[in-house]
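Good morning, and thank you for coming. Please look at the structure on the screen while I go through a few of its parts.

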Amino acid sequence: MKKYHAFSENEYLDQPDGLDELGSRGKRVMQLASLGLPIAPGFVLSNQTIREMSDDPQAEKSFLAEPIAKMERIMGKRFDDPENPLLIKVVESPMLNMVNTFSTIHNIGLTGHSVEGFAKYVGEDFAYHEYANVIRKMLQLESLTDVPAARRKRMDAFAKKLKNARKKASVTKCVEEFSDVYSPAFLGDAYAQLVWTIKEYLSLFTDRPTSEDSSLMIQAMVFGNFGQESYFGSYFTHDIITGEDKISGEFFPESFDDRKAEGKPVGKIKPAVRKELERIADELEKNFKEIRQVRFTVESGKLWVIDQFGATNRSTQAEIKTLLDLRKKGVIDGDYVINAIKPGRLSELLHPQLDLNSVKNLAKVEGGIAGAVGAAIGRVYFSTEALVKEHRRATHAGEEANLILAMPSTYAEDVKAIEVARGVLSTEGGYASHAPVVARSLGKVALVYPDANFTKTALKIGNRTVKEGDYITLNVPYYDTPQIFFGKASLTEPSPEGSGLLELLDIIQENIDEFDVEANADQPKDAELAAMFKAAGIGLCRTEHMFFHENRIDEFRAMIVAGGDQKGREKALEKLKKYQVSDFYSLFKIMAGKPVTIRLLDAPLHEFLPHTADSMKSFVSFIRKRNPKLSEAEIRQRCDLLKEVNPMLGHRGVRIAISYPEIYNMQVRAIFEAAYKLKKEGVEAIPEIMVPLVMSANEIKTIRNGKQIEGKHITGIRDIESEVRKQFGTDPVHYRVGTMIELPAAALQADRIARYADFFSFGTNDLTQTTNGLSRDDFNNFFSDYNEFDLLESNPFKVLGEQVKEMIALAAERGRLTRPDLRLGLCGEHGAEPENIQFTRRTGLDYVSCSPYGIPIAKLAIAQMNLAKKQAATDARSA
């Protein structure tokens, strides 16, 4: 039995069984009708009903007249009326497939008898343009079915001529010329057009397997150019950039769409209409729980919703603030807010983002490895010296100082350039190489683009040559492919305050249990940012980064090249200790009452030495002022002697402390002086002293407890603490001594190492290198080959590999067999990746540590895991 399902703001179908046969568009329009939105009325014909209909317009007119009469009453127009015709559109409503559907036929009912009446309201040119269009669409639909060759030839000629017809005379002449294709009687009968269109759709459905079960939606047309008090518009239910709780968009007076007229802000629309748009926005957000975009038409003062859909181009800030507003209104709860946001989306709130409108006319290349997300614009400089010099000049002159460092790779001495630059572009290494690691810690943008080539004076990227001082724009998104634009774009600057992020973090923190996130932070500004993001402490302070400042680096270098000059080394260390006490004091104070893990000097000593001619010249001058007896040749020789063939596995970490115990002594003393100074001030400092690159229990035992042999002595951490405590005359501070597990040897000996370690922190960058025999700086040269042959599922320097996971699990288990209260954390660059966080929790670790900018991302991932675990437990109880 044939049946229709009518819809309007007062009528809709809500029975699940009935909705299933209406197709995707039919379901959607019924949903809108159920919200009481002012949608244009219409009805849906199921696939079964379409198949039961005949080709006879007169026979089917009585069936279609009833739903059309409902539309006529609501619209105040009559179908097939020559004076003010009701026009309708016919739309395929597929069950699943939305790609291969035929586009809508608009304005069925616009006939040779009614086009003049329609023209009185919309103008002659528009009326005849739409009359020609409806015929062209009918020709297009029929051409997709089985048509005899001779008729198809005439249809193609008709369509081609109609396409070029612009005015009444040319359209009328064309219709008369091809009256053998569609007769005047057919084109003059609205019901005949409608029945024919329905049956042609059925023929199309029969020939297309993806459409064989589709339904048809028939709906009234409305026009924003229907005389005065008519306009078309489109708006968002929240501001899609700022997230402000107000509608934003444009309307176009006396316009059918937005293509030919100048838009006006939707806030300036008539108050009564705006109030209704705001009500609609509120209803849609309550239902869909997100920002929606709404297309609407006002025809002769009456508002109609044309369509609505998700605002895919909304900013993360807008997404979060909308969810927070909905929570305040009681529409959703905190759990929903947490689960609705992809963790990686938060990076948009933490780094500058590209204004897409500003790059429309800029050439670009795509690809590379995302080192640190965000966007950066600046003039390119190819060395630290050149960039720092230009930064000083521009700053002093009050000029723009947006610069980008571009180098094949960076070293310790280049940190000062990365710190003042907006971003860094390198060609060697990968996600875990020096430039990206430093950039992430400083909140800068980093891109590794292996296909770029440096010449003596320029940088070749693709077919473009970039000279020093030229502008480029780096766009490094979290999920999408990185881009380099040639030229100057514009950015939107992030601001955690006012973005909704801090309020979101309050909700997230309510769903964080014992497992939490700490920060990799070396500078006070990093610690302050981490505290703002509710870090549970500092899980890694890389003390070598504290010596990169231009006021310290030469003093540190002087200490390194002192050679056998013990007094000279101690003199330099005493100066450096003042800096270190100040550094640690600031970090402890910012993180009052929370653990601060300080890794003693780890980097190979030669990394601190000059790498360029200019920096070497400056260092030689510094040394000779202090010790004129030293020749330049001798200074250079001392530097050369410190170079190593394989520095990553060479003289670094705890090995430095064995050779030069005075270096670690200075750092440990500075830690305790800062901690006891704060204790005197009533501030609780919780130092955790990390000894890096340990491979055996004897190493950490020696550093912790000290050791004396004939003619040599290493003072232990416990002895230094005792000395400093006596110096301050106070009760002891609570401190821990631990190690970074970054060698397979350490993982295998974890039970013995745990006798002398209060905590383990897994340094997964080096542990990945040493477990797999992979260089993180060279791995990307062949990673694509391995990826192509499916030999590696993912980048092991981003997602923990199975072998490394096994090392961590083994060390955690063995360590806690010896020391059940052993504190366990992961402080490598893997720490912010949700996939890695799941593993660390299962393995029994207490925390992960990552750059401050990764903390919100990691916390959100943890909260989502906790909610999933809670839901699974609830489901299990109810099963």
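Lys321 counts as partly exposed, because its relative accessibility is 24% and the buried class ends under 20%. In this predicted model, Lys321 belongs to helix α12, which covers residues 316-328. Which residues does Lys321 touch, once its neighbours within four places in sequence are left aside? They are Thr242, Gly243, Gly498, Ser499 and Gly500. Please also note Asp239: 82 residues separate it from Lys321 along the chain, yet the two C-alpha atoms are 9.8 Å apart.

Lys289 is not a glycine, and still its phi is positive, at about 60°. Lys289 sits in the loop that links α11 (271-288) to β11 (292-299). With a relative accessibility of 25%, Lys289 counts as partly exposed. Ser300, also a residue other than glycine, has a positive phi near 50°. The loop between β11 and β12 (302-310) holds Ser300, and a relative accessible area of 45% makes Ser300 partly exposed.

I now turn to a sheet. How many strands form this open sheet, and in what order? There are 8 strands, arranged as β14-β24-β23-β16-β17-β18-β19-β15, with mixed pairing. The edges are taken by β14 (364-366) and β15 (369-372); each has a single partner strand, so one side of each has no neighbour in the sheet. On average, neighbouring strands here are turned by 25° against each other, direction ignored. One of the pairs in the sheet is β18 (residues 423-426) with β19 (residues 445-448), joined in the parallel sense over 4 bridges. Within that pair, Leu425 has Leu447 of β19 as its bridge partner. Helix α15 (residues 384-397) packs on the sheet, where it touches β16 (374-381) and β17 (403-407). The direction of α15 makes about 170° with that of β17.

The next element is strand β26, residues 516-520. Is this strand mostly covered or mostly open? It is mostly covered, since 5 of its 5 residues are buried. Strand β26 runs parallel to β35 (residues 847-850), with 4 bridges between them, and Val517 has Val848 of β35 as its bridge partner. Strand β26 also runs parallel to β27 (residues 538-542), here with 2 bridges; Asn520 stands opposite Leu540 in β27. Together with helix α19 (residues 524-532), β26 and β27 make a right-handed β-α-β unit.

The axes of α20 (residues 553-560) and α22 (residues 613-626) come within 10 Å and cross at roughly 70°. The two helices are therefore roughly perpendicular to each other. On the α20 side, the contact is made by Asp554, Glu555, Arg557 and Ala558; on the α22 side, by Ser615, Ser618, Phe619, Phe622, Ile623 and Arg626. Sorted by class, this contact of α20 with α22 contains 4 nonpolar, 2 polar and 4 charged residues.

Let us look at Glu555, which lies in helix α20. Why does Glu555 count as buried? Its relative accessibility is 10%, and buried means under 20%. Apart from its neighbours within four places in sequence, Glu555 is in contact with Ala572, Lys575, Leu576, Phe622 and Arg626. Of these, Phe622 and Arg626 also take part in the contact of α22 with α20. Thank you for your attention.

Notes. Residues are numbered from 1 along each chain as its sequence is written. This is a predicted model: local features need pLDDT of at least 70, side-chain atom pairs count only at pLDDT 80 or more; totals for chains, interfaces and linings use all residues. Side-chain values use heavy atoms; hydrogens and water are left out. Two strands pair if DSSP finds at least two bridges between them. Axes are lines fitted to C-alpha atoms, for helices over the stretch in contact, and angles run from 0 to 180 degrees between N-to-C directions. Contact means heavy atoms within 4.5 Å. Buried means under 20% relative accessible area, exposed over 50%, partly exposed in between (1.4 Å probe, protein chains only). A crossover is right-handed if, with the strands pointing away from the viewer, the path from the first strand over the helix to the second runs clockwise. Angles under 35 degrees count as roughly parallel, over 145 as roughly antiparallel, 65 to 115 as roughly perpendicular and the rest as oblique. Ala, Val, Leu, Ile, Met, Phe, Trp, Tyr, Cys and Pro count as nonpolar, Asp, Glu, Lys and Arg as charged, and the others, Gly among them, as polar.
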